[in-house]
Amino acid sequence: MTIVNLARFQFAMTTVFHFFFVPFSIGTVFVVAIMESIYVHTKNEQYQRMAKFWGKIFLLSFAVGVVTGLIQEFQFGMNWSDYSRFMGDIFGAPLAFEALLSFFIESTFIGLWMFTWDRVGKKLHLFFIWMVVFGTMTSALWILTANSFMQHPVGYTIRNGRAEMVDFGALLTNPQLFFEYGHVILGALLTGATIITGLAAFQLLKKRQLSKENTKVYHKTMRLGMTLMLVFSVATMLMGDLQMKYLIKEQPMKFAATEAVYKTTGKQAPWTVVGIADTKTHEVKGKIDIPVMLSVLSYGKTTGSVKGMEQVNAELKKQYGTTIAGHKMNYYVPVNTLFWSFRVMAGFGALIALCSLVGLILTHKNKMTLYQHRWCLWVMALLTFAPFLMNTSGWLITELGRAPWTVYGLFTIAQSVSPNVSVASLLISNIVYFCLFSSLAVILIGLIVRALHNDPFDQAAASAKIMDPFAKGAF
């Protein structure tokens with residue numbers, strides 16, 4: 001165990017856990033806003049109950065996301081101080097906007113939305129939830145602006161050994177940001193729709209004696225959720241396809257690793273569906289190929305060569321050198337991790353699209369086919385966990401595919417780690433963080449289960465009983 005490996009493990013653990021909740025909260029609040037919009041437009045009370053009920057799940061995910069985000073920020077000062085010195089000037093502006101503008105909007109309007117049901121006009125209350133949506137989406141924009149610089153540095157100059165910003169507009173027009181933000185936001189919206197649909201399916205599965213009103217609410221939730229799942233799964237895959245085509249030119253090593261291509265292909269490149277890459281011999285064992293398909297996926301036509309990792313590695317050595325800051329450089333990335341992460345991400349995305357399409361057909365014009373077969377409900381319920389696997393896989397591709405850089409072409413991982421940390425301190429902090437995250441996960445799951453205990457109409461009745469101290473039978 002080295003200091004670099006332990007620091008990387010700790011950052012990965014922290015970020016993966018934090019990234020469970022970021023797309024969760026962004027997507028869930030968007031679905032809640034859609035529900036409330038339908039309520040304001042149609043005056044159908046069922047949609048108001050839906051917005052209130054699923055709004056509680058959003059609030060729980062938002063609260064845990066804030067806590068894990070604070071822990072993540074400690075990482076930069078604790079284990080990556082040299083990176084912070086190098087990137088501080090670039091990170092400062094986007095993170096300041098995120099904290100002072102987006103988080104302020106989110107927090108303010110969440111409070112207004114929570115406590116003003118039936119106290120302000122319907123349209124004003126709807127405005128509050130859409131401002132929360134705006135806050136969450138702009139928050140992601142500022143964070144991804146900083147991350148996009150790490151993937152594709154623009155608008156900077158190197159002075160006194162640090163990256164200093166010279167053009168803030170260049171950061172916002174970074175082409176990497178367009179693809180990364182689009183893919184992440186669409187994936188977040190897909191996450192929210194899938195989780196709410198899956199939890200509604202769980203509610204229908206576990207409660208055999210639901211009231212007619214509650215049953216209708218869950219059916220409407222699933223119908224709306226499956227519609228959004230279909231739209232956002234297709235949109236996410238299309239944006240992901242554009243992003244991968246962008247990588248062919250900007251980060252060819254990352255692209256080649258996701259397809260396990262070691263040697264530059266011929267004009268008609270085959271696509272490897274499955275296989276295990278041998279990192280020593282540079283062979284892919286047990287692979288199943290589809291002829292010509294990689295050319296089609298990469299260029300939209302049957303001809304087009306894909307550059308292999310061996311050629312890319314040689315080119316990077318020529319461009320950046322074989323030694324940086326006393327470290328021998330190898331520009332290969334974790335091939336098998338990227339290869340299988342891509343297939344998990346894309347595979348679950350296609351599965352969600354297929355299940356939502358079939359689900360919509362089985363519920364078209366008030367058909368009960370989906371709800372009458374428990375195995376169908378189980379499929380939709382188990383999809384609740386798919387977005388977490390997809391988002392984690394996508395994050396692994398994005399971040400591990402950048403190795404050995406923290407800032408592509410400018411600063412390496414080995415240069416970024418804090419010089420004053422020890423193996424012992426990292427081991428202890430890793431254990432502490434693992435216990436902390438495990439506890440937070442258990443608490444969150446417990447709170448979600450508790451929130452789901454009361455159904456939408458039962459919850460409304462209970463709230464009315466508590467909120468009105470003068471109601472008959474209150475005492």
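Trainee: Which backbone oxygen does the side chain of Thr-68 reach?
Mentor: The side chain of Thr-68 reaches the backbone oxygen of Gly-65, at 3.0 Å. Keep in mind that this is a predicted model, where local features need pLDDT of at least 70, side-chain atom pairs count only at pLDDT 80 or more, and totals for chains, interfaces and linings use all residues. Residues are numbered from 1 along each chain as its sequence is written, and side-chain values use heavy atoms, with hydrogens and water left out.

Trainee: Is Thr-68 buried or exposed?
Mentor: Thr-68 counts as buried because its relative accessibility is 0%; buried means under 20% relative accessible area, with a 1.4 Å probe and protein chains only.

Trainee: And what is Thr-68 in contact with?
Mentor: Leaving aside neighbours within four places in sequence, Thr-68 is in contact with Phe-17, His-18, Phe-21 and Leu-440. Contact means heavy atoms within 4.5 Å. Phe-21 is 47 residues from Thr-68 along the chain, and their C-alpha atoms are separated by 8.6 Å.

Trainee: New topic. At what angle do α6 and α13 pack?
Mentor: Helix α6 (residues 175–206) and helix α13 (residues 374–382) pack at about 145°, with axes 7 Å apart. Angles run from 0 to 180 degrees between N-to-C directions, and the axes are lines fitted to C-alpha atoms over the stretch in contact. Helices here are DSSP runs of H or I, at least four residues, numbered from the N terminus.

Trainee: Which residues make the contact?
Mentor: Among them are Thr-197, Ala-201 and Phe-202 of α6, and Arg-374, Trp-378 and Met-380 of α13.

Key. Helix = DSSP H or I, 4+ residues; strand = E, 2+ residues; numbered from the N terminus. Buried < 20%, exposed > 50% of the residue type's maximum accessible area, 1.4 Å probe, protein only. Polar contact = N/O pair within 3.5 Å; in protein donor to acceptor, adjacent residues only side chain to side chain.
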